[in-house]
Amino acid sequence: MFQWLQIRWLTAKKNWSPPQKKMMRKAERYHAVRAVVVGVLLGLIGLGVYEGHGRLQAQALRRSLLDASTNEVPTIVADMTSYRRWLDPLLRDAAAEAEASNDPRKQLHTSLALLPVDTTQVAYLYGRLLDAAPHEVPVSRDALAPHKDELLDKLWTVVETPEKGKESQRLRAAAALAKYDPDNSRWDKSNGKVVEDFVAVNPVYLGLWSEAFRPVKGHLLSPLSVIFREQQPERVAERKLATSLLADYAADNSQILADLLMDADEKQFTVIYPLLEKRPAKSQAALVAEIDKQVKVAAIKDKMVFEMMGTIADDDAKVKPLQGSAMPAKRYEVRLQGGKNYQLTMDSKELDSFLVLQDKAGKELGFDDDGGGYLNALLLYSPQRDDTYLVFAASLKGTGSFHLKVMETFAGDGDDGKEKLAKRQANAAVALLRLSRPEKVWPLLKHSPDPRVRSYLIHRFGPMGADAAAIIKRLDEEPDITIRRALILSLGENGDKELTAEARQALLPKLQSIYRTDADPGLHGAAEWLLRHWKEEAWLKQVNEHWAKNKEERDNRIETIQELVQKNKEKTPPQWYVNGQGQTMVVIPGPVEFLMGSPPTEKDRRSSETQHKKKIGRSFAIAAKSVTMEQYQRVSTGYNVAEAKYHRMADLPAVAIDWYMAAEYCNWLSKQEGLPEDDWCYEIKGKAISLKAGYLSLSGYRLPTEAEMEYATRAGALTARYYGETEELLPKYAWYNKNSQQQPWPVGSLKPNDLGLFDAQGNVFTWCQESYDTDWGVDDREDALSIIPTTGRVLRGGSFSYRASVVRSSYRYIMVPSARTASYGVRPSRTLPLGSFTALPPDPRSNPVAATLVDKKESLTDKDPGWMPANPKLDRLLKLVSGNPHKVYTLNLMKGDKLVIRLRSQDRKIDPLVALEDSRKNIIAFNDDEDYQQKILDSKLVVTIPADGQYRIIATCSHEAIRNKHGPFHLTVEKTR
């Protein structure tokens, strides 16, 4: 071959001889055949190599497909295009093997690989998509995209009406539609349900899902915002996911971010604010606009839907609440509408009221008793649907009449739109402060009759990242006292990160100076709280002991206060001084006027809280704290409370104090302070205690009147509590059943009100001076001087063991003066004869008896005739009385005469019952003694005569096994003015 090529290349063909030409032709044929053979052989070898490579690659791709993670499958499938001839049979075999071995991962992978060449895979992959694991959804969705037109209707059906038990398919179908059909109007109807599924996903996969739904993020913002604003504790996880999604989806929308920020809680604020901070110019306008908003409140009235006057007797059918024992009750069916708010009340002065609400199947929906105050039970309920409900008016103790009302109330949670706005304005203010726009912020801290915005700001500055240094700087510059109080209280909400130990140490001298020298009791109290919060109790104790021992300094301070009042009269602001027992007394220069009671819109309002104008025509001082265990034990060294939790610390409030003990303490305090005995407010002779005539003009220590206590508690606020309306901030200001662990706590532990009073709400009730009355006079006047053991006296403020509905400024609690529980304490008060003091004329009620008509000490005997009351079947007591001996006293009376009729029996000789009959023997009223534990049994009637005529007073007994039918009694009938 080489020689042949040389000859052809090196010689000319025309010079060849014939034999040479013949030889060369023969050689050409030989070599041509040889080349063809070699070419064929080489082609066959090349084809073999190509086929082998293809098969090898197909095997490798198959292995990669089956071993890969699902998110790697699309890349592997893209590499399969050139090897389909060898790969597709392998894939079908692999699919069959995966199905036979029930391996869903390999089935999915092989189906995804076959889909480009086999449309029968669409049905399988559609089914797998609906039940796919989160990481499988994007792969299946993208693979099915070329076939979306045939899947859209089926996917929308799954989103809108998933099969029962297959609701989880909705989110997967929606994720596919987010890619296939993002602009469809059907999203606006389905987005709420989709979002509910979305925020319930495992947070590990949140990134996958958020990317899947990014094409429809605009449709999801509204329902995500709804969840963002929900405050139910059980929705914390969902709210957190919604916050993360909104921060992602709305990151470029300043208006939405600002709106979300103003409804954010502390944790949400830290997520949203950094996004808003990137666009300060666009966001500030929305924040400022919110602060400038005001709520216009329309006058609203509750609507009566059911009312009934009734009487409970012992033989009435019983009702048994889930918590309690069976008791006689009247049952009523009441139609209520779903979605509306209802207030059920049961008023009675004769019964220990108890309300029970059930659905028509007998399931208990709620209950409430009267809290021991024998006024009323109250129950709030919002039914989910229109239906008939069962209302039971029951009695824990005793029988008698009641007044049941069911009102549709528009008060809701006590909010009329102001609560929501207050929270939004507080958040807006924090954001503006952080954006270096404080001019709109500081005025919000000024105290007003509605302190809600201010209170929320106090508690949000620190947790929401406001600069503590800016607040401290403002404290130096701020001229308004009420704003300075708020700034000091807000610093207590900063943690160690926001306010370092060094920064606190640098601020201590300023706080100590305010505490020692500033005349404002609110500022004094705020400084005290922050110092105590920062563990400066030792310093506070040292300063207080110095003041207590320094009589000259104390007298000088009171003299200074008097000079201020004389100079400025009613313009003098509240002051404070420390007495000889180390008690801070808050001085209220009088006269003062305020709205006492609660408006109809206040949540948990009781019928005994009618709102009315009240005037206190004197200057008075009231203790900033309840009397402590240590302080009370100076009066009575034998005083103690059995359970250790009530005396575990010396600065716990004194508990188990009855009204008499409280009065004795006040006289003791007057003595210790060197006040003349003529100025003491109580006459104490042995165990008998009465009030001195004109006690409101005396300067001795006494219990606060109801008006004084409510005025001092409110501290200028008209809201349900002195910081605002709702329960949300209550744990910051009051010890009650949700934060107290059912025990009292050291006085002054929680924030004071703006008059510097601590625990004016919560911890322990405060005994008030007067007995319970509903006769609202404008002036705060003196009560009856005699203390009737069976007449309830008022307590105010709530306690550690009571629910939030009791811990309100207007709540009135009533107990007999001898009642002692761990919830009752004492907070002394006194009248100060300052320059503006004007003594009120004596109240006629201080000596209510105009004439004694009957004063008889006699006995019931077996010779006395038996009394047969009219209609004895109407009442259990009348049944017991029928036939028992009685005595009759006849009086001529005039219409309008008010009688107090009392029948008493010494040493339980009889169980007295007294009745009043007209001349026809119709019973006008009757009553027996209800407290069988008393040594002296006392039945009392207070009645107004309905018409001129002759009346019969019946003295008898309601005989039971433990009682006698015969024995001595004492009857008095007094006509009052």
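## Salt bridges, sheets and cavities in the predicted model

By the rule that a salt bridge is a side-chain nitrogen of Lys or Arg within 4 Å of a carboxyl oxygen of Asp or Glu, the count comes to 64 salt bridges. The structure is a predicted model, in which local features need pLDDT of at least 70 and side-chain atom pairs count only at pLDDT 80 or more, whereas totals for chains, interfaces and linings use all residues. Residues are numbered from 1 along each chain as its sequence is written, and side-chain values use heavy atoms, with hydrogens and water left out.

One of the salt bridges joins Asp754 to Arg454, with the closest N and O atoms 2.8 Å apart. This pair links distant parts of the chain, 300 residues apart, since Asp754 lies in the loop between α28 (730-733) and β18 (765-771) and Arg454 lies in helix α18; here helices (H or I, at least four residues) and strands (E, at least two) are DSSP runs, numbered from the N terminus. Asp754 and Arg454 are both buried, where buried means under 20% relative accessible area, exposed means over 50%, and partly exposed lies in between (1.4 Å probe, protein chains only).

The structure holds 6 cavities of 30 Å³ or more, a cavity being a set of points, on a 1 Å grid over the protein atoms alone, where a 1.4 Å probe fits but cannot get out, with lining residues having an atom within 4 Å of a point. Grid points are joined across faces, edges and corners, and a volume is the space filled by probe spheres set on the points. The second largest cavity contains about 90 Å³ of space. It is lined by 14 residues, of which Arg454, Tyr722, Tyr723, Tyr733 and Asp754 are the closest to its centre. Helix α18 (residues 452-460) contributes the largest share of this lining, with 3 residues.

The side chains of Glu706 and Arg796 meet in a salt bridge with an N to O distance of 2.9 Å. Glu706 lies in helix α27 (residues 706-714) and Arg796 in strand β19 (residues 793-796), so this pair ties together parts that are 90 residues apart in sequence, and both residues are buried. Within helix α27, the side chains of Glu710 and Arg714 form a salt bridge at 3.0 Å, N to O; because Glu710 and Arg714 are 4 residues apart in this helix, about one helical turn separates them. Glu710 is buried, with a relative accessible area of 1%, and Arg714 also counts as buried, at 4% relative accessibility. Elsewhere, Arg229, Asp259, Asp263, Glu290, Lys293 and Arg424 are linked in a network of salt bridges.

Among the strands, an open sheet of 5 strands with antiparallel pairing has the order β2-β3-β8-β5-β6, two strands being taken to pair if DSSP finds at least two bridges between them. Its edge strands are β2 (318-319) and β6 (364-369), each of which pairs on one side only. Strand β2 pairs with strand β3 (residues 327-336) in the antiparallel sense over 2 bridges, and Lys318 has Pro328 in β3 as its bridge partner. Strand β4 (residues 342-347) is joined to β7 by 6 bridges, and the two run antiparallel; Tyr342 has Tyr381 in β7 as its bridge partner. Because 5 of the 6 residues of strand β7 (residues 376-381) are buried, this strand is largely enclosed by the rest of the structure.

Several backbone features lie in loops. The peptide bond from Gly590 to Pro591 is cis, with omega near 0 degrees, and Pro591 lies in the loop between β11 (584-588) and β12 (592-596). Asn102, a residue other than glycine, has a positive phi, near 55 degrees, and is placed in the loop between α4 (84-100) and α5 (104-114), where Asn102 is exposed, with a relative accessible area of 61%. Ala656, likewise not a glycine, has a positive phi near 60 degrees and lies in the loop between α25 (629-632) and α26 (659-672), but Ala656 is buried, with a relative accessible area of 10%.

On the surface, Val33, Val36, Val37, Val40, Leu41 and Leu44 form a nonpolar patch with about 550 Å² of accessible area together. Patches are made of residues with over 30% relative accessible area and no salt bridge, like charges being joined within 9 Å and nonpolar side chains (Val, Leu, Ile, Met, Phe, Trp, Tyr) within 5 Å, and accessible areas come from the Shrake-Rupley method with a 1.4 Å probe, for residues counting only the protein chains shown as cover. Leu41, which belongs to helix α2 (residues 18-67), is partly exposed, with a relative accessible area of 47%.

Definitions and conventions:
On a 1 Å grid over the protein atoms alone, a cavity is a set of points where a 1.4 Å probe fits but cannot get out, and a pocket is an open set with protein on both sides within 12 Å along at least five of seven lines; lining residues have an atom within 4 Å of a point.
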